[in-house]
There are 2 protein chains.
Amino acid sequence: MDETPGLRERKKAATRAALHEAALQLAIDQGVDGVTVEAIADAANVSRRTFSNYFSGKEEAIFHGDTVRLRRMLELIRAQPADDQPWTALTRAALQLAEETYLGNEEWLTRRRLLRGHPSLAAHQVAAFAVVERELAAELAERLSGDDVALRARVLAAIFLTTMRVAVQDSTEHPDRPLLDVVAAALAAAAPA
Amino acid sequence: MDETPGLRERKKAATRAALHEAALQLAIDQGVDGVTVEAIADAANVSRRTFSNYFSGKEEAIFHGDTVRLRRMLELIRAQPADDQPWTALTRAALQLAEETYLGNEEWLTRRRLLRGHPSLAAHQVAAFAVVERELAAELAERLSGDDVALRARVLAAIFLTTMRVAVQDSTEHPDRPLLDVVAAALAAAAPA
DNA sequence: TACAAAACTTGCCCAGTAGGCAAGTTTGCC
DNA sequence: GGCAAACTTGCCTACTGGGCAAGTTTTGTA
């Protein structure tokens, strides 16, 4: 395997990460509405035009972290044993991700909390979770059999993702309760018959 | 009860409906990206500025119909017997709404199909469904007992709404299958344990 | 190592957009 | 009738997304 994906790719990843970080921090400091794309680009030492080559708007930049985590979750799901029950596989992957996320980045939830409740952000978060829906449905279709596999896979994917979203949102509103707890409880409440 | 909510309110409702209708039709005719807010306002005989007093963007205007239907669904859910199992109440309400929607407006799905697959629209649709999530959660909390009522109500609300969204999206992609069928199958697949 | 092709950045540009403000108009109510 | 509240409109401005073309960096190949 290729350890280094090439200089070009590494630079792009760095720029993307810098823009994300700048967007997040500025949004926290000045409020989402108080930040301009230009300010974000400046903070990341890049032109405003380049920002547009990476993200389609500041909200997308702010939620880049979620996008990355969601992709990671897809990986984890694909890595689950093929003969697990689908919901079991999803639950395991979700708990693994929650653990990883929490260990690797303790301040994650704290920073989230600082931009909670903004309506346009909430809308974008919902959308961010929905983006991987089709990909996840395709994966789940492989693990299902019987009638209506396509529809059932889609429903399962949507349910799972929306449950994760609710767990995360709920976590930002109840700082006292461990993330793993909330995720586990939410997934248990959502488990299909 | 007051039959007439007053001239002012009726006019507002009419303007809103006209803007929605214009937005929908123009988006179908010229493509979502080809339509400007100004064109929509013109078609509804209203100034561009007034459009902004009603909707925050063309996507919101396009999905106004969904918003109305979702509010109607909330009503139907509240009207279900208080001692029904929550998921039973939700299922009944959903099927009633599907019937109403289909009977009252046969071309609804047909027109939807014409603007399927546009990414920015998909994102807004997801958001439109998520808007009522908290309201629905509050209603469902009344019907639950035991531990973690708040979280479980929220998860249930989110699951239900996302399932309805998937059913509708799936319906626009499979014109042959009756909407009621798809809704019933989706809700069955989503039913929590 | 050299160098052409591909990919990326940037500045310039423009049409579209949200929303503040103030003047004019319509509706509700006594 | 007449006043107050609500709504519409035009004007204005800062911000945005994305097309284009020129300049720069990386990559693959010879």
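The buried residues of H11(A) pack against helix H6 (86-104), helix H7 (108-114) and helix H10 (149-173) of chain A, together with helix H10 (149-173) of chain B. In this predicted model, the residues of H11(A) that count as buried are Leu179(A), Val182(A), Val183(A), Ala185(A), Ala186(A), Leu187(A) and Ala190(A). The length of the helix can be checked as well: helix H11 of chain A has twelve residues (179-190), which at 1.5 Å a residue should span 16 Å, and its end C-alpha atoms are 16 Å apart, so the two values agree.

**The two chains**

Chain A is superposed on chain B by a rotation of 180° with 0.0 Å of shift along the axis, at an RMSD of 0.1 Å. This is the relation of a two-fold axis. The same surface serves both copies, in that 100% of the contact residues of chain A recur in chain B. To the contact, chain A contributes 29 residues and chain B contributes 29 residues.

The size of an interface is often given as the accessible area lost when the parts come together. Here chain A and chain B bury about 2300 Å² between them, with 62% of it on carbon and sulfur atoms. The polar side of the interface comprises twelve residue pairs in polar contact, both residues being at pLDDT 80 or more. On the side of chain A that touches chain B, the elements that give two or more residues are helix H8 (119-131), helix H9 (133-141), H10 and H11 of chain A. Of these, H10(A) gives the most, with 13 residues.

Leaving aside neighbours within four places in sequence, Thr162(A) is in contact with Ala158(B), Ile159(B) and Thr162(B). Its side chain also makes a polar contact, at 2.9 Å, with the side chain of Arg165(A).

**Salt bridges**

Side chains of opposite charge can pair when their charged atoms come close. The whole structure holds 32 salt bridges over all chains, and the count between chain A and chain B is ten. Several examples are listed below.

| Salt bridge | N to O distance |
|---|---|
| Arg71(A) and Glu135(A) | 2.7 Å |
| Glu133(A) and Arg165(B) | 2.7 Å |
| Arg177(B) and Asp148(A) | 3.0 Å |
| Asp181(A) and Arg177(A) | 3.6 Å |

The salt bridge of Glu133(A) with Arg165(B) crosses between chains, from helix H9 of chain A to helix H10 of chain B, and both Glu133(A) and Arg165(B) are buried.

Within chain A, the salt bridge between Arg71(A) and Glu135(A) links distant parts of the chain, with Arg71(A) in helix H5 (residues 64-78) and Glu135(A) in helix H9, 64 residues apart. Arg71(A) counts as partly exposed at 39% relative accessibility, and Glu135(A) is likewise partly exposed, with a relative accessible area of 33%.

In the pair of Asp181(A) and Arg177(A), whose closest N and O atoms are 3.6 Å apart, Asp181(A) counts as partly exposed at 40% relative accessibility, while Arg177(A) is partly exposed with a relative accessible area of 23%. Salt bridges that share partners also join Arg71(A), Arg78(A), Glu135(A), Glu139(A) and Arg143(A) into one network.

Methods
Residues are numbered from 1 along each chain as its sequence is written. Chains are lettered from A and ligands numbered from 1 in the order in which they are written. This is a predicted model: local features need pLDDT of at least 70, side-chain atom pairs count only at pLDDT 80 or more; totals for chains, interfaces and linings use all residues. Side-chain values use heavy atoms; hydrogens and water are left out. Helices (H or I, at least four residues) and strands (E, at least two) are DSSP runs, numbered from the N terminus. The expected span of a helix is 1.5 Å times one less than its number of residues. Buried means under 20% relative accessible area, exposed over 50%, partly exposed in between (1.4 Å probe, protein chains only). Contact means heavy atoms within 4.5 Å. Copies are superposed by least squares on the C-alpha atoms of residues with pLDDT of at least 70 in both. Buried area is the accessible area (1.4 Å probe) that two parts lose on being put together, summed over both. A salt bridge is a side-chain nitrogen of Lys or Arg within 4 Å of a carboxyl oxygen of Asp or Glu. A polar contact is a pair of N or O atoms within 3.5 Å; within protein, one must be able to donate a hydrogen and the other to accept it, and residues adjacent in sequence count only if both atoms are side-chain atoms.
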